[in-house]
Amino acid sequence: MCNMTANRVDPFTCTFCGCLCDDLALTIDGGTIVEARNACDLARPRLVGLSTARGNEVGDDEPALARAVALLQAARAPVIVGLGKSSNETVGKAVALADRIGAVVQVGGPASGPRITAFQRGGLVSATLGEVKNRADVVVFWATDPVVTHPRHWERYSVEPVGRFTPEGRAGRTVVVIDRERTATAEKADVFLQVDPQNELELLWVLRGLARGIPMKESRIEHATACGVSDLKNVVELLKLARYGAWFGGPFAGRGPVAQAEARHQAVAGLVRDLNSPTSRFVAIGMGEAGNAHGAEAVLAWQTGLTPSVDLGAEFPEALPGATSGVERLARGEADCVVVVGDVTLDDWPDAARARLGSTPWIFVGPPESPLAASATVALAAATAGLDEDGTFTRVDGVSLPIRAVRDRGLPTEGDRLVALLSRIEASL
């Protein structure tokens, strides 16, 4: 925990979007943040005015802990879900608890499964954001609008920064935006290609065919993609001429049907692989969601060898798409106790899972102001990762960064709560 006193300036790593910018400096005066240097318009309103004075929010939580332990001891098919905004350290403790009680543990959100399954099946040519900054001369934003969703990505990682091999910065880069409409990012791009979200998968495969020089009928191309053939050929030629190209996409690799997300991820990976040659390198990197989904996935894979959803009920880790999903098991009525860690968005869950949660005992470990705290069977108030606890988050490119607490609310961390549950369960054995 950082000891932030009056008139002190402390470094801060921002977790409000996937950029994880680690160059912020917060000025604290009288127990309040009065300035957030280098913060973007997304982060500044959330930081400036925030009180850093020590709180005293922990009351008598013994009854809640005892009830939570009783629910877990009675469970025969528990699941642990969430953790997409938790620190790497907390995820490790959640895996330890899952191992002890024989639970299914699922990390991240709905985007994790399709992305990871596509990676497992087809691989991915990727890089760090630092490598993109230093080398990329062509940057593609596929169905994503970072100027709005990741405000500093453009200036810090992908387009404007001066790099070792890109001394001209923005002037030395060509920016291509492919999206459903002319977004704020498209307005700043050099090339814009409009695509209907329903045709994204077809467009990706057509781009692959053009990149590989496969003969295709122009009438069929236009019918499949609703794009002009000359426009597609011009984009492909631009990509093939890149010395170093970087393809950035959102969590579902497009804005089309979520059911096609895995196929789109695989198509992007194949296209990027096709664009690599002896004289050109191309990589694909996600924009990254707010929080720490990639770190949670990495910790689960490190601890169990599998991700993003692992069944530890057989005393060894198992992972089968769908079968070992905690949320889907809940939807099928196969879970008899649920532990939700962190402020997850239940709207992302299938309707059946939300309905089952209402009739299943469940424990919430997370911020007391979350709506989940009021509806859970048992709520264990915990500090907010990224604001109230020190720890480690992992950026979308695999780089792990230290997270420094900016305030002390007097709350245990999510990890503390999980360790307390585990300790009491082990003591009762």
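Modeller: The charged end of Arg46 lies over the Phe16 ring, 4.9 Å from the ring centre. Bear in mind that this model is predicted.

Now the sheet. Five strands form an open sheet, in the order S8-S7-S6-S9-S10. Their pairing is parallel. Strands S8 (191–194) and S10 (281–286) are the edges, and each pairs on one side only. From one strand to the next, the twist averages 15°.

Look at S6 and S9. Strand S6 covers residues 138–142, and strand S9 covers residues 244–249. Five bridges join the two, which run parallel.

Helix H9 (residues 200–211) lies across S6, S7 (174–179), S8 and S9. H9 runs at about 155° to S6.

Next, the rings. The count of aromatic pairs comes to three. Phe141 and Phe248 are stacked, 5.7 Å centre to centre, with 25° between the planes. Phe141 is in strand S6 and Phe248 in strand S9, 107 residues apart. Both Phe141 and Phe248 are buried. The Trp142 and Trp247 rings have planes at 35° and centres 5.7 Å apart, so this pair is tilted. Trp142 belongs to S6 and Trp247 to S9, 105 residues apart. Trp142 and Trp247 are buried too. Finally, ring pairs link Trp154 with Phe141 and Phe248 into a cluster.

How values were computed
Residues are numbered from 1 along each chain as its sequence is written. This is a predicted model: local features need pLDDT of at least 70, side-chain atom pairs count only at pLDDT 80 or more; totals for chains, interfaces and linings use all residues. Side-chain values use heavy atoms; hydrogens and water are left out. Two strands pair if DSSP finds at least two bridges between them. Helices (H or I, at least four residues) and strands (E, at least two) are DSSP runs, numbered from the N terminus. Axes are lines fitted to C-alpha atoms, for helices over the stretch in contact, and angles run from 0 to 180 degrees between N-to-C directions. Contact means heavy atoms within 4.5 Å. Rings of Phe, Tyr and Trp (its six-membered ring) pair if their centres lie within 6.5 Å; planes under 30 degrees apart count as stacked, over 60 as edge-to-face and the rest as tilted. Buried means under 20% relative accessible area, exposed over 50%, partly exposed in between (1.4 Å probe, protein chains only). A charge sits over a ring if NZ of Lys or CZ of Arg is within 6 Å of the ring centre and within 35 degrees of the ring normal.
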